[in-house]
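Subject: Handing over a structure

Hello,

I am passing this structure on to you, and my notes on what was found in it follow below. Please open it alongside this email as you read.

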Amino acid sequence: MRQPMVAGNWKMNGSSSSVSELIEGIKAGVGAANAEVVVCPPYIYIPAVASAIAGSDIHLGAQNMCDQDSGAFTGEVAGPMLKDAGCEYVIIGHSERRAIYGESDEVTAVKYAAVLKNNLKPIFCIGESLEEREQGITEQVVARQIDAILDGSGVASLANAVLAYEPVWAIGTGKTATPEQAQEVHAFIRGKIAEQDAAIAEGLRILYGGSMNPGNAAELRSQPDIDGGLIGGASLKADDFLTICTAN
Ligand code: PEP
């Protein structure tokens, strides 16, 4: 039985005061969640959030990570630093990193391996653009993105990872994949992993991301191969995020 997960990707939002208000709000309601709850603040607020959630049921993640452990990499943040700060998860391969910062499949695969090497757990994002969906190549695209990490780290690495299927056309746009569209791709992903290792595929959590909100979370979360959500915009309001965390 897979434990569902709902992870909030706060992206580059917030201030000391708004982050404090948000995390206190989530803390107040997390007891009712029917999922493992993860928050991924901007780097600079990770220590404050780590202190605020100490002793609670909230888990901590980062939104990105350098593939190197230390040294002359101006502006980067390393795995050992994230571990030291209390992180457990790291989002890798988010479509904004791929599209805006040019992270290729190769780069995401190297970062994925570095996250695992540091005893952190990747939340590895995959998903097709609108153009790719319209061309009918969604499955080829997600298969290629998954193959990058399978080739580099092997299928067994997925025992310590989470996948997030995030159609690019649904991220931050208010357009959500229908539960049927999302389930179809999730089932494809699980089937692809099962070709290599059925037990790993059965235990693998695959989150849906792309404009999941309090109104559509229950239906999306009820699909058999959808194990929760990676939430952007709706994770910035404690009430909305908690509604998604408790949806069933
Ligand atoms: C995301 O950025 O991972 C995401 C799913 O964003 P949103 O929920 O805002 O579409």
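A polar contact here is a pair of N or O atoms within 3.5 Å; within protein, one of the two must be able to donate a hydrogen and the other to accept it, and residues adjacent in sequence count only if both atoms are side-chain atoms. With that in hand, look at the ligand: one of its oxygen atoms is 2.7 Å from a polar backbone atom of Gly172. Ser211 has a backbone N or O atom 2.8 Å from an oxygen atom of the ligand, and a backbone N or O atom of Gly232 also lies 2.8 Å from a ligand oxygen. On its own the ligand exposes 290 Å², and the protein buries 96% of that area. Accessible areas come from the Shrake-Rupley method with a 1.4 Å probe, and for residues only the protein chains shown count as cover.

Before going further, please keep in mind that this is a predicted model: local features need pLDDT of at least 70, side-chain atom pairs count only at pLDDT 80 or more, and totals for chains, interfaces and linings use all residues. Residues are numbered from 1 along each chain as its sequence is written, and side-chain values use heavy atoms, with hydrogens and water left out.

Which residues come nearest to the ligand? Of the 14 residues around it, they are Lys11, His94, Glu166, Gly172 and Ser211; a residue is near a molecule or strand if one of its heavy atoms lies within 4 Å of it. Two of these names are worth a look for their backbone. Lys11 has a positive phi of about 50° although it is not a glycine, and Ser211 likewise has a positive phi, of about 55°, without being a glycine. Lys11 is found in the loop between E1 and H1, whereas Ser211 belongs to the loop between strand E7 (205-209) and helix H10 (217-221). These labels are DSSP runs numbered from the N terminus, with helices (H or I) of at least four residues and strands (E) of at least two.

Is Ser211 buried or exposed? Ser211 counts as buried because its relative accessible area is 19%, and buried means under 20%, exposed over 50% and partly exposed in between (1.4 Å probe, protein chains only).

Now to the strands. E1 (residues 5-9) is mostly covered, with five of its five residues buried. Met5, Ala7 and Asn9 point one way from E1, while Val6 and Gly8 point the other way. Strands count as paired if DSSP finds at least two bridges between them. E1 runs parallel to strand E2 (residues 36-40), joined to it by five bridges; Ala7 stands opposite Val38 and Gly8 opposite Val39. E1 also pairs in the parallel sense with strand E8 (residues 228-231), over four bridges, and there Val6 has Gly229 as its bridge partner.

E2 is largely enclosed by the rest of the structure, because five of its five residues are buried. From E2, Glu36, Val38 and Cys40 point one way and Val37 and Val39 the other.

E1, helix H1 (residues 16-29) and E2 make a right-handed β-α-β unit, and so do E2, helix H2 (residues 46-53) and E3. Right-handed means that, with the strands pointing away from the viewer, the path from the first strand over the helix to the second runs clockwise.

Pro167 sits in the loop between strand E6 (162-165) and helix H8 (179-196), and Pro167 is buried because its relative accessible area is 0%. Leaving aside neighbours within four places in sequence, Pro167 is in contact (heavy atoms within 4.5 Å) with Gly127, Glu128, Ala177, Tyr208 and Gly209. Tyr208 is 41 residues from Pro167 along the chain, yet their C-alpha atoms are separated by 8.7 Å. Ser95 lies in helix H4 (residues 95-100) and counts as buried at 13% relative accessibility. With neighbours within four places in sequence left out, Ser95 is in contact with Ile100, Val168 and Ile171.

Happy exploring!
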